[in-house]
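Here is a briefing on one protein chain. Please look over the structure, then read the notes below.

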Amino acid sequence: VCAALALCLCGCQVPRPELPVVGEKKTESRAGGGYGAEGGAAEKGENPGGEMGWKDAPSSYAPQVRTETIRLAGEGEVQVPQEAALPAYRVVNEPYSEAEYGRYKEIVREIYGISWKEGERDAQGEFSGDGMYYLSFPFTDVSKDKTAILWIDRMDPNLTFAGDGEYQPDEGFRLLVSRGEAGTEEEREMLRQRLEEKSEAFIRRLSEEELCSGAFVRDEVRWLGIRTRNEASGEWEQGRYGLELVYERTCGNVPVPGREPTLMGKPGSAIQYIGFVYADDGTLLELKNIGRQSLEVDGGRNGAEKAGEAAFILPFDAAAQIFEQYVRTYDDTHGAFPTGGFAESAAAGDGAGTVTAIRFTRAALEYRYVPAAEEEGAEEGGFLRPVWNFYGTASVGQTRAGERSLEGEITPVANGREIILVSVDAADGSIF
C-alpha cells in the first residue's frame with residue numbers, strides 16, 4: 001500500500017479523517033456474537049439502529065436457505081466501517097476544464113512517457129505524438145446527468161485483451177498458466193507490485209493537481225490473456241498475458257462498490273473509478289478515468305438533517321432476515337434468475353432441475369451509488385445510500401430430488417468471483 005497522503009472530499013460538507021489516496025479495500029469486522037445456521041441471533045447484544053447502532057453487529061453470520069431451486073449456505077464476517085455517522089449524500093457530477101485537461105496530459109507524460117500532438121485533436125480526443133495512443137475527452141461541458149470520462153487506449157491493431165464469444169481473457173490466462181507460458185508465480189508477483197506502484201503514483205499525482213477528490217482503494221486485480229495477430233497468417237494467437245488494476249473512490253473510509261455483478265436485484269453503479277491494463281512487459285494498454293463528483297449531505301433521506309448528524313441505520317439482524325426471506329422467495333416472485341449466465345428456475349417433474357448453489361462469504365455495511373434516473377423525483381446527478389451488502393459466490397447445476405449436492409455440468413456465475421448477492425437499503429430495508 002502506498003504512503004498516505006491527506007486529502008479531503010472536494011465539495012463534501014462533512015469533515016472526514018485524513019485518508020490515503022490509494023490503499024487496499026478493507027472494512028472492519030466487529031466483535032460480537034455469531035449467527036446460527038438457521039439465521040437466528042446467538043449471544044448478540046441489542047442493536048436498535050440509529051447512531052452507532054451498527055457497531056453492535058455480530059462478528060460473523062451463517063445463513064441457510066433451501067428451496068427447490070436455491071441452496072444458500074456458508075459463513076463469513078460481518079464488516080462495518082469506523083465512521084461516526086453514515087448519512088446519505090447527493091452526488092454532483094463535475095466536468096474537467098481545458099486547463100485541467102492540460103494538466104492531466106502532463107501527468108500521463110510524466111508517469112508513462114506519452115506525449116501528445118499539440119493543436120491536433122478532433123471532437124472527441126487526440127492522438128499521442130507517435131500515434132500509438134488515443135485520449136478520449138468530451139470537450140463540451142459535462143451536464144449534471146452525464147459522467148466525465150478520460151480514456152486512453154493503445155492503438156495496436158495486432159494486440160487485444162478484449163473478450164468475444166469464443167475467447168474470454170480470464171480463460172485465456174488460465175490456459176497460458178497451464179501451458180507454462182505466463183511466467184512463474186514469483187515473476188508475476190514482482191510485475192504486479194511494480195505496476196501497482198506506477199498506478200498508485202499516477203493517482204497520487206492526480207490528487208496533488210486536484211484532478212480527483214476523495215480516497216481510492218484497489219478494488220480488483222485480474223490477470224488477463226492477451227492475443228496477438230500473426231502478421232503472416234492474419235490469425236489471432238494466444239501467448240501473452242496482462243494485468244488489470246481497478247481503483248474505486250470511497251466515501252470517507254466507506255467503500256462504494258459498483259462494478260461487481262449482482263445475483264438478485266439491480267446491478268450497482270460506480271462513482272469515480274480508475275482502471276489500468278498493462279501487458280506482461282509493462283506496456284500501458286488502457287487507462288480509464290471514469291467519473292468526477294463532489295458530495296453533499298442529503299438531509300432527511302435517513303434522518304441526517306444536517307452535516308455530521310447521525311442517521312438511522314437498519315440493524316444487521318433485520319437486514320439479515322430480509323436477505324434470507326428475499327432469497328427464499330426469489331424464485332417464486334421472479335420465476336427466473338437474471339439472464340446472462342444465471343440459472344433459470346425450472347424444475348423437472350421428477351423433482352430434479354436446475355439449481356443455483358450460493359456460498360455466502362461476508363456481509364458489509366457500505367455505500368451504494370444510485371443514479372438520479374433511479375430515484376423518484378430526482379432529475380440530475382445521483383445519491384450515495386448506506387446499504388447492507390451480502391456477498392458470495394454462485395454456481396449453477398443439476399440436482400435430483402432430495403439430493404443436496406449439484407451434479408453433472410456445473411457452471412460458476414461470474415467465473416466464480418465473489419459478487420453481491422443482495423443489496424439491502426439500510427434506511428428502510430428495501431431491496432435495490
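How many helices and strands are there in the protein chain? The chain has 4 helices and 20 strands, where helices (H or I, at least four residues) and strands (E, at least two) are DSSP runs numbered from the N terminus. This is a predicted model, in which local features need pLDDT of at least 70, side-chain atom pairs count only at pLDDT 80 or more, and totals for chains, interfaces and linings use all residues. Residues are numbered from 1 along each chain as its sequence is written, and side-chain values use heavy atoms, with hydrogens and water left out.

**Overall**

- Of the 432 residues, 51% count as buried; buried means under 20% relative accessible area, exposed over 50%, partly exposed in between (1.4 Å probe, protein chains only).
- The chain exposes about 19,300 Å², and carbon and sulfur atoms supply 45% of that area (Shrake-Rupley method, 1.4 Å probe; for residues, only the protein chains shown count as cover).
- Among contacts between residues at least 6 apart in sequence, 70% join residues at least 24 apart; contact means heavy atoms within 4.5 Å.

**Leu384**

- Leu384 is found in strand E18 (residues 382–399).
- Leu384 is buried, with a relative accessible area of 0%.
- Beyond neighbours within four places in sequence, Leu384 is in contact with residues including Ala88, Cys251, Ile271, Leu295 and Tyr367.
- The C-alpha atoms of Leu384 and Pro371 are separated by 8.8 Å, with the two residues 13 apart along the chain.

**Helix H2**

- Pro169, Asp170, Gly172, Phe173 and Leu176 are buried in helix H2 (residues 169–178).
- They cover an arc of only 165° around the axis, which puts them on the same side of H2; the arc is that of the directions from the helix axis to the C-beta atoms.
- Cover for the buried residues of H2 includes helix H3 (185–208), strand E12 (216–229) and strand E13 (236–249).

**Aromatic pairs**

- The whole structure has 21 aromatic pairs; rings of Phe, Tyr and Trp (its six-membered ring) pair if their centres lie within 6.5 Å, with planes under 30 degrees apart counted as stacked, over 60 as edge-to-face and the rest as tilted.
- Tyr247 and Phe276 are edge-to-face, because their ring centres are 6.1 Å apart and their planes at 85°.
- Tyr247 lies in strand E13 and Phe276 in strand E14 (residues 273–279), so this pair ties together parts 29 residues apart in sequence.
- Both Tyr247 and Phe276 are buried.
- Phe323 and Phe390 are stacked, with ring centres 4.3 Å apart and planes at 5°.
- That pair links helix H4 (residues 316–334), which holds Phe323, to strand E18, which holds Phe390, 67 residues apart.
- Ring pairs link Tyr61, Phe316, Phe323, Phe360, Trp388 and Phe390 into a cluster.

**Salt bridges**

- The structure holds 18 salt bridges; each is a side-chain nitrogen of Lys or Arg within 4 Å of a carboxyl oxygen of Asp or Glu.
- Glu106 and Arg109 form one, with the closest N and O atoms 2.5 Å apart.
- Those two residues are 3 apart in helix H1 (residues 98–112), separated by about one helical turn.
- Asp280 and Arg240 meet in another (2.7 Å, N to O).
- Asp280 lies in the loop between E14 and strand E15 (284–290) and Arg240 in strand E13, so the pair ties together parts 40 residues apart in sequence.
- Arg103, Glu110, Arg205, Glu208 and Glu209 are linked in a network of salt bridges.
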